[in-house]
Amino acid sequence: MAETVFARPQALADVSTHYCPGCTHGLIHRLVAEVLDELGVRERTVGIAPVGCAVLAYNYFNTDFHEAAHGRAPAVATGIKRARPDLIVFAYQGDGDLASIGMAEIIHCANRGEKVTVVFVNNAIYGMTGGQMAPTTMPGQVATTCQLGRDVELAGHPIRVAELISTLRTPAFVARATVHNPLVAVHAKEMLRRAFRYQVEGACFSLVEVLSTCPTNWGVPPVEAMTWLEKNMLPYYPVGIFKTPESGSREPKPLEV
Amino acid sequence: MPVGTIYSCTETETGGNQSENRMTKKLMKGSEAIGEAAVQAGCKLFFGYPITPQNEIPEYLSARLPAIGGAFVQAESEVAASNMIYGAAGAGERVMTSSSSPGVSLMAEGISYLAGSELPVVIVNIMRAGPGLGGILPSQADYFQATKGLAHGDFRVLVLAPWSIQEAADLVQDAFDLADYYRNPVMILGDGLIGQMMEPVEFREGRKPIKDLPPKTWATTGCKGDRPTNVINSLFLDPAELEQHNIRLTKKFKTIERDEVRFETYGTDANYDVLIVAYGTVARVCSTAMDELREEGIGVAMVRPISLFPFPYEAVRTAAEKARSVLVVELSAGQMIEDVQLALARSRPVHFLNRMGGMLVSPDEAVAKVKAIVDGSSEEVHHG
């Protein structure tokens, strides 16, 4: 009798997505869905879709979903989780959504220690609106609103969200991962698994930043986009775990005289 | 501790019977009565941001809600608060927020999404004077905002305006039922006086909902077994689909306009020359003026809109038929007056008395204005 070794996760809807060729949103959706299945929480999960390329995520997951206003997914997540602490609540957000218009909401959601999980997809550009500069756009990177490349004198440097959130004293799990090849995608899934597990255990807020591609708006073919990410983004956005609830606070040490 | 007020204050029982529906009268500040009314209506969650003059509502609930197994969250902003109630309402729980004028402007985003996604919430706006940072004293300058243009997109919220602390408590409880029934935000529109005054309040025990409320089968509670996924959403990329959604919402607002008009009339059984139209605490000032005027033999009556959306057009039109002139009194530059003019369709001259900036209309000013209308020295308001 044949044994199933690979199948669509139950938490992933059986539909085609609207994502461009070479975009890694679909892959990240799948990793999240696999983790929800493996933890056995699909039937009590509520996802929150952002405004951005993943705006239609509610069509792609086989879980209850709530479509948020731009940047407000962590506030919506707070409302759902406080109303129903038994639910597993995750926000799925892009870089414009989370790191620009929604910066206040993500910082305070993390700082309150809301027991929710945030999947933060960073592809260094606004995708849905057509390739404008994001808070995470790389120095010198060309975008439709910085056509000569991002000028750090005028636009500042790209925001490292995982590092920023990990400075908060409130216990949390904060990690960065990437999915530009199968090996690193396995690591990304492990980070997502740990993030959701902390929530299932009621331990803490969790955020996984996942580096992602945008061949369409970067203006490079899909395969080259993977290389572009590795060469340009990875050195500035290192992968790894930045904070765990066990790692304690990052208070400055007293001066030794 | 603010929550202590309700328990430590003087309590008097009225009626004297010990049946299930006995009413307990308590002396309460308006803001605390609003908070307690919400709890008694089954509100489990409050999300809000501090702003004067309504801080006693969140302060009261910050202690009260955790005590009953609910949750209170002080949000990072009114923008966040309006999106937190959006999440909590989507999960099917009774939820409230409160704010004052500039804060309500910031909540516009969340309120539009709530209306678009058809979620029930109760929003309390204790109005202060504007525009901009304005002042912290009582005002009715947000009538247009509340009834006509609260945020982007075609939608309305039911707006209820109390004139006493008792009525504020009753309307808050009704607001939760109306919000659930229509799956739409309901706003309690008060002013600083409603928030700050102390008056005796009765809470009915064993209160029944005023509507037959269906179960919230649409809520995001997890898709167990074969139940299809529930999605809370206001996005319709297909214009034909969105138009159908708009048509459905419009029908709902028409139903509200037909079925949810609330108002009271005063002195309309007698003969009168002048009909006053005023709402909220201004109507109370006008009722004091009416007593004085009627003692002097001047015929005056009043229509007090309680629901501002839907506006009691028919009640104003009918009551005005017996009057020679209509006087609108507001704490604004003239906002509700446009609805009164719409109701009257130029059939009666309309006069206007107002104060702004946090200044109040006094009974003496109202008396003088009515006398001026009667003796012909008041000029009517012309528009267009």
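Q: What makes helix H12 of chain B a helix that lies across the sheet, and how does H12(B) run relative to E15(B)?
A: In this predicted model, H12(B), residues 336–344, lies across E12, E15 and E16 of chain B. Its direction is at about 160° to E15(B).

Q: Which other helix lies across strands of chain B, and what is its angle to E13(B)?
A: That's helix H10, residues 281–295, lying across E11, E12, E13 and E15 of chain B. H10(B) runs at about 165° to E13(B). With the cut-off at over 145, that pair is therefore roughly antiparallel too.

Q: What is the strand order in the open sheet of chain B?
A: Five strands line up as E11-E13-E12-E15-E16, and their pairing is mixed. From one strand to the next, the twist averages 20°.

Q: Why are E11 and E16 of chain B called edge strands?
A: Each of them, E11 at 263–266 and E16 at 350–354, pairs on one side only.

Q: How do you know that E11(B) and E13(B) pair?
A: Pairing takes at least two bridges, and these strands have four, in the antiparallel sense, so they count as a pair. As part of this, Glu264(B) stands opposite Arg304(B) in E13(B).

Q: What makes E2(A) and E10(B) a strand pair?
A: There are two bridges between E2(A) and E10(B), in the parallel sense. The requirement is at least two, so they qualify. His66(A) has Ile232(B) as its bridge partner in E10(B).

Q: How many residues of each chain are in contact with the other chain?
A: 28 residues of chain A are in contact with 31 of chain B. On the chain A side, E1, E2, H3 and H5 each supply at least two residues, and H3(A) gives the largest share, eight. By type, that side divides into 13 nonpolar, seven polar and eight charged residues.

Q: Which residues meet where H1(A) and H8(A) pack?
A: Among them are Leu27(A), Leu31(A) and Val35(A) from H1(A), and Ala185(A), Leu192(A) and Phe196(A) from H8(A). The residues of this contact divide into ten nonpolar, no polar and five charged.

Notes:
Residues are numbered from 1 along each chain as its sequence is written. Chains are lettered from A and ligands numbered from 1 in the order in which they are written. This is a predicted model: local features need pLDDT of at least 70, side-chain atom pairs count only at pLDDT 80 or more; totals for chains, interfaces and linings use all residues. Axes are lines fitted to C-alpha atoms, for helices over the stretch in contact, and angles run from 0 to 180 degrees between N-to-C directions. Two residues are in contact if their C-beta atoms, placed from the backbone, lie within 7 Å. Ala, Val, Leu, Ile, Met, Phe, Trp, Tyr, Cys and Pro count as nonpolar, Asp, Glu, Lys and Arg as charged, and the others, Gly among them, as polar.
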